[in-house]
Every structure is written in C-alpha cells, then in structure tokens.
Amino acid sequence: MAQTIHRGIKTLLDEANREVEAIKAPDLIASAKDENILIVDLRDPREIEREGRIPGAFHCPRGMLEFWLDPESPYAKPAFQQDKKFVFHCASGWRSALAAKTAQDMGLKPVAHLAGGFTAWREAGGPIERVEPHKPKE
C-alpha cells in the first residue's frame, strides 16, 4: 500500500512564507552592500556557473545548510556565527523560503529570503558577477 503524503510542498511553502520575511528584489538590491546583511546563495554550483551570482554572496549548497548552521557540527561555518541579517536566495524563491524557515527554526536570527530568487534579482537589474566553470583536475 502506497504511503500518503499529508503535508505537501505547497503546505510547507505556505508555512514558510507566513513565518519568514520575503524581501523584494529592488529592496535587496538597494541594501545589498549593507555590511549587516549576508546574502546566502543556496543554488547548486552548476546553477551559479550558468547564471552568475550576486556579488559578495556567500555560497551554501542547500544540502549542507543544517550542518553549516549548527555551531556544534564539525561542518559549522563561521559565516553563520556572525551578527548579521541572513538573506537566503535560490533560483526562484522556493528553496530559499524553506531554507530560511529551517534556519529560523534552528535559531538563526534575523533571517529572510529573496522573493522570486535570483530570477527576480536579475529581472530587477541587480548586479551579477560571472563565475568561471570549475575545471576538473587532469
């Protein structure tokens, strides 16, 4: 007998968007150079190589978020131990909404996410830094 999913992705996204601040791209563009904000890019490295990145953003692959956030984890990253506002982003705002809620649930504060993700940033004319593709070692 197949298992039934009781809380689907729509429910999880609705909860995340109710509980986490969503910043519009023009507002983040205007405050991106604020030293009290750390923009966290959750996208896969191939997405970053293909699309570019927000200058100065900290890259944290979504699959490592919980491990990098937890100061007790052997994988903890100092970037998440700073006294800053953490603004998460992905390509379209779904992964970042879920990630920001997870970070908030783990005690990271203040957190937000970029509504519409990198796509909204690009469409709003935000600066983009090109990233050279990773070349495999020979």
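Predicted model: local features only at pLDDT ≥ 70, side-chain atom pairs only at ≥ 80, totals over all residues.
The UniProt record, in an unreviewed entry, lists residues 33-130 under "domain: Rhodanese".

Helix H1 spans residues 9-19. Its buried residues are Leu13, Glu15 and Ala16. These three take up an arc of only 160° around the axis, so they end up on the same side of H1. As a general point, an α-helix has 3.6 residues a turn, so residues three or four places apart point the same way. What do the buried residues of H1 pack against? Their partner is helix H5, which runs over 94-105. Turn to the face of H1 that looks away from the buried side, and the exposed residues Lys10 and Arg18 show up there.

Now for aspartate 41, which belongs to strand S2, residues 37-41. Is aspartate 41 buried or exposed? Its relative accessibility comes out at 1%, and because the cut-off for buried is under 20%, aspartate 41 counts as buried. The side chain of aspartate 41 meets that of arginine 43 in a polar contact of 2.8 Å. Setting aside neighbours within four places in sequence, aspartate 41 is also in contact with Ile48, Arg53 and Ala57, then with the run Phe58, His59 and Cys60, and finally with His89. So the picture around this aspartate is of a buried residue in a strand, with a polar contact to arginine 43.

Conventions
Residues numbered from 1 in each chain as written. Heavy atoms only, no water. Helix = DSSP H or I, 4+ residues; strand = E, 2+ residues; numbered from the N terminus. Buried < 20%, exposed > 50% of the residue type's maximum accessible area, 1.4 Å probe, protein only. Polar contact = N/O pair within 3.5 Å; in protein donor to acceptor, adjacent residues only side chain to side chain. Contact = heavy atoms within 4.5 Å. Arc of directions from axis to C-beta. UniProt positions renumbered as here; feature names shortened; annotations may be inferred.
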